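Reader: Could you walk me through this protein, one question at a time?

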Amino acid sequence: MKKNIYSSEDFWVQTLELKKLGHHAVVLIIPPTGGTNVLDKKYARYFFKHGLDVIVLDHWKDEDEYNLDLEIHNRFYRRGNQALSLIIETLPLHDIYLMGTSVGGIHSVVASVTLPNIKKIFSIVGGISISEIIAKSDQEVLAKGKVERQKMFQFLDDQDYIQRLFNANEYEPERFSYNKAIKTGQILSRKDTTVPFYTQENLKQFWETDTSYYMKNNHFWAIVKSYFFYRKRILKFFLN
């Protein structure tokens, strides 16, 4: 896979790419927390083998910022959107498809309501609202941050925490109208407590998802099994 960097003023995004002259569609893969992994690369090679260009968003500027500031999530999703936008604007002749896993799936939801020219999106265990996921997730960094923030901000309860997170994040998808012209797909997992299952169901209602598949695994195994058991269906979603 070829490395590439897209940049504009003081922002940049690094990618891994597979491209071939004559391909008319491109899948932008947005990885889960931790960055590009072996499954992302397997998806990329699989899609490319079947006629799709692929760009994996490997890393972007300040992606790893961490502090207890409530506005950090606004900056995080703004940067993710900026990274996608930088790439999309270089592809005027391609049909644009997105596939995001976990937090990558959440980035894809934000893109669905804020960025133009996207034709299809497939989310693997992504959900909404962002604020509810942050407040209810058992993901280690988010759970630890919740405890530390409680000491700092003295929230009345979980709902107060959720509301204050929502108020601090202008990229909450529910703030926008969803473009129903975008074809959408999802994998949801009933035992997921990292992106809680009910938030995945919330996304399905928000998107009125065209194609959906249910699993009964936790977050990690849902991500792993999605490749081994659903990659053909995801490919079909993009090709049809």
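Author: Gladly, and one definition comes first: buried means under 20% relative accessible area, exposed over 50%, and partly exposed in between (1.4 Å probe, protein chains only). This is a predicted model, where local features need pLDDT of at least 70, side-chain atom pairs count only at pLDDT 80 or more, and totals for chains, interfaces and linings use all residues. Residues are numbered from 1 along each chain as its sequence is written, and side-chain values use heavy atoms, with hydrogens and water left out.

Reader: Is Trp 221 buried, exposed or partly exposed?

Author: Trp 221 sits in helix H8; helices (H or I, at least four residues) and strands (E, at least two) are DSSP runs, numbered from the N terminus. The relative accessible area of Trp 221 is 43%, so this residue is partly exposed.

Reader: How compact is the protein chain for its length?

Author: The chain holds 8 helices and 8 strands. The radius of gyration is taken over C-alpha atoms, and the globule rule is 2.2 Å times the number of residues to the power 0.38. That rule gives 18 Å for 240 residues and the chain has a value close to it, 17 Å, so it is as compact as a globular protein of that length.

Reader: Is Asn 81 buried or exposed?

Author: Asn 81 belongs to helix H2 (residues 72-88). Contact means heavy atoms within 4.5 Å, and, leaving aside neighbours within four places in sequence, Asn 81 is in contact with Val 110, Ala 111, Thr 114, Leu 115 and Tyr 171. Its relative accessibility is 7%, so Asn 81 counts as buried.

Reader: Which peptide bond is cis, with omega near 0°?

Author: Most residues other than glycine have a negative phi, and most peptide bonds are trans. Here, look at the loop between E6 and H4, where Ser 129 is placed. The cis bond runs from Ile 128 to Ser 129.

Reader: Ser 102 and Asn 117 interest me too: what is the relative accessibility of Asn 117?

Author: Ser 102 has a positive phi near 60° and lies in the loop between E5 and H3; with a relative accessible area of 7%, Ser 102 is buried. Asn 117 has a positive phi near 70° and lies in the loop between H3 and E6. Asn 117 counts as exposed, because its relative accessibility is 59%.
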